[in-house]
Each structure stands twice: as structure tokens, then as C-alpha cells.
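Visitor: Hi! I'm new to this one. Could you show it to me and walk me through it?

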Amino acid sequence: MALLSSPHPLPTQFSASPASLCVRRRPITACQLCTHKQSVRHFDQSTLTVAEGSSESELWAAACLRVRSFYHFKPSMFGLQDHRRYLAERELEAMKERVGGKRKGFRKVSCINATIPLSQISSPSVSDDFCSSCKFNNNGEDRVVVGTLDLNQCVSLPDEITGNRPEGIGADFARAYLSNVCVAKELHRNGLGYALVAKSKLVAQEWGISDLYVHVAVDNEPAKKLYMKSGFVYEKDEPAWQARFLDRPRRILLWFGIPGVQL
Ligand SMILES: CC(=O)SCCNC(=O)CCNC(=O)[C@H](O)C(C)(C)COP(=O)(O)OP(=O)(O)OC[C@H]1O[C@@H](n2cnc3c(N)ncnc32)[C@H](O)[C@@H]1OP(=O)(O)O
């Protein structure tokens, strides 16, 4: 199966707006790279870019990060690298279909990525495998996709509960969902997830989206906290029977109203 239920189209007007998002600089308490309790940064935050992905090589790097984040295999598994590559290839094809506007039921879809220069990733704790699989070249500079998500303008995502807002006519262009939200585990708690969600709100606003949604598994505390911190509020629960039928943890649906966009 393709990763998550993200459908959609990479718009042809896909603009790579180098995002100068303000990323928080604050103590890191749960960093996977070290046990420092004081203010530490594992890369120069001024080199971080959060923007819509603009090239196939960047989408490939994002697909590799998604496979790394959402699939967990035993390191001893036979043919592990080949299997990961196969999953990334399928995800890339699905991403291109969505972003290219070929997925039925979706108006626009954008893959938004957080990237930093490869030269910023020097810690021995960050694996070579991560750097090589999530690397891409942008105008002669090697960069690494360290976080990624999809913004999907649509009424609903396949196999997911549907948002209630906006009411009446217009939901097909004024409602959007986030999906495939992930950050490289080595760089968790650096504000990257927050920056990705903040950028997606700006893009959604440009698209005229009034109501932004995200589904999250009830037991995914880090993601729930990220969305709550980003201003999302609870809207409804997936019925237990549906989660059982789909053989996965039950989801909740969270809502965020985009300021200044009214139908
Ligand atoms: C729609 C979907 O895609 S749902 C699936 C979500 N994705 C996943 O579960 C994949 C695996 N997890 C991840 O990739 C990451 O943990 C994410 C994306 C959930 C969070 O990314 P990060 O870059 O680590 O989040 P970020 O540093 O921006 O944290 C923002 C806030 O989220 C909350 N948060 C994030 N991680 C945690 C955690 N492990 N424990 C508690 N709170 C957390 C905190 O409130 C944090 O703010 P603070 O650091 O000021 O306290």
C-alpha cells in the first residue's frame, strides 16, 4: 500500500518559495543526538528551508524519509535495502500522481519539505544511510530532506473520517487535510514539525482554504501535542468498528480554522 492515504496533484504552478519561516531556538530536551539539557542546536537554523518541493529528486528524498519514518523493519531483515527502495519508489509514484493533479477527488496537493544543507549534518550520530537516502541537489548545493508532509485540498481522504467544515457548498475547495507528516528521528524536538505545519497553513491560506484538518492515531502523543501546539482542536473520533475493520489504531480528527479566509 502507498504511504498513508495521501492522494493528489502537484500543481503545475508549484512554486518553490524559499520559506523564511521563523524557527524556534530553545532548549532541546529530548534530542536523539545527545543528552544535553542546555540549549543546543544540531544545525544552523538560518540554513533551514521549509518550502513546497520543486524537483523529482527532492520528492524522492522526501519519499525515502517517509519510508524511514513510517515503516519499521528488523535491521537483520533479508533484502532490507531493496525492500525500502521498492517502498520509496511506490511512494514517489503516488506523490507524483497526487502533486501532478492526477488523483481523482483531489484539487491541489503539495509536498512541503524542511531541508538543510548536507554540510550541516556532521554529527556521527546521524547515519550515512539517512544522509545518502534523503539527500538531493538544489542548484548545485547538496541538501537533505529532514521533514516532510502533504497538504491535500479535498473533501475527504480515503479511509479517513471526514471533516464537518465548511458547511454547505464549497467544501471541495475550502477544506484541506495534512498527511504523511514526519521528521527525521535524529532531529526530533528541533521545531521542524512545528515549522512544517506553520508553512502548510500559509500555503493553505494562499489556496483559499478556510478549514484545515489532520488525522492522528489516539496513541500518538508526540503528533497530538504538535498539532495542539499548532492550534488544532478536537473535532471527532473515528468509530472503533472502522479502526478494527481497517486493522489500525483508532484516529481522531483535529481542526484548525485558517485566519482571514471566509466563504
Ligand atoms: C497526519 C499524520 O501524518 S499523523 C503522523 C505523525 N507522524 C509521525 O508519527 C511520524 C513520527 N513522528 C515524527 O516524525 C515527529 O515526532 C513529529 C512530526 C510528530 C513531531 O516532529 P518534531 O519536529 O519532533 O516536533 P517539534 O520539535 O516541532 O515539536 C513541536 C511540539 O510538539 C510537541 N512534541 C513533539 N514531540 C514530542 C514528544 N516526543 N513528546 C511530547 N511532546 C512532543 C511539543 O509540544 C513540541 O513543542 P516543544 O518542543 O516546544 O515542547
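Guide: Happy to. Let's start with one side chain: that of Gln153 reaches the backbone oxygen of Phe173 at 2.6 Å. That is a polar contact, meaning a pair of N or O atoms within 3.5 Å; within protein, one must be able to donate a hydrogen and the other to accept it, and residues adjacent in sequence count only if both atoms are side-chain atoms. Keep in mind that this is a predicted model, where local features need pLDDT of at least 70, side-chain atom pairs count only at pLDDT 80 or more, and totals for chains, interfaces and linings use all residues. Residues are numbered from 1 along each chain as its sequence is written, and side-chain values use heavy atoms, with hydrogens and water left out.

Visitor: Where does Gln153 lie?

Guide: Gln153 is in strand β4. Strands (E, at least two residues) and helices (H or I, at least four) are DSSP runs, numbered from the N terminus.

Visitor: And is Gln153 buried or exposed?

Guide: Gln153 counts as buried, because its relative accessibility is 4%. Buried means under 20% relative accessible area, exposed means over 50%, and partly exposed is in between (1.4 Å probe, protein chains only).

Visitor: Which residues does Gln153 touch?

Guide: Leaving out residues up to four places away in sequence, Gln153 touches Phe106, Arg107, Lys108, Asp172, Phe173, Arg175, Ala176, Trp207 and Ile209. Touching here is a contact, with heavy atoms within 4.5 Å.

Visitor: Let's zoom out. How many helices and strands are in the chain?

Guide: The chain has 7 helices and 8 strands. Of its 263 residues, 51% count as buried. Among contacts between residues at least 6 apart in sequence, 78% join residues at least 24 apart.

Visitor: Now the ligand. How many residues surround it, and which are the closest?

Guide: There are 25 residues around the ligand, and the closest are Val181, Arg189, Gly193, Asn220 and Lys229. A residue is near a molecule or strand if one of its heavy atoms lies within 4 Å of it.

Visitor: What about the backbone atoms there?

Guide: A backbone N or O atom of Val181 is 2.7 Å from a nitrogen atom of the ligand. For Gly193, a backbone N or O atom is 2.8 Å from an oxygen atom of the ligand, and for Leu226 such an atom is 3.4 Å from an oxygen atom of the ligand. On its own the ligand has 990 Å² of accessible area, and the protein covers 81% of that. Accessible areas come from the Shrake-Rupley method with a 1.4 Å probe; for residues, only the protein chains shown count as cover.

Visitor: Which elements supply the shell around the ligand?

Guide: β5 (175–183), α5 (192–206), β6 (211–217) and α6 (221–229) each supply at least two residues. The largest share, 6 residues, comes from α6. By kind, the shell has 13 nonpolar, 7 polar and 5 charged residues. Ala, Val, Leu, Ile, Met, Phe, Trp, Tyr, Cys and Pro count as nonpolar, Asp, Glu, Lys and Arg as charged, and the others, Gly among them, as polar.

Visitor: Tell me about α5. Which of its residues are buried?

Guide: Among them are Leu192, Gly193, Ala195, Leu196 and Val197. Just after α5, Gly208 takes a positive phi of about 80 degrees.

Visitor: What span should α5 have?

Guide: Its 15 residues should span 21 Å at 1.5 Å a residue, and its end C-alpha atoms are 21 Å apart, which agrees. The expected span is 1.5 Å times one less than the number of residues.
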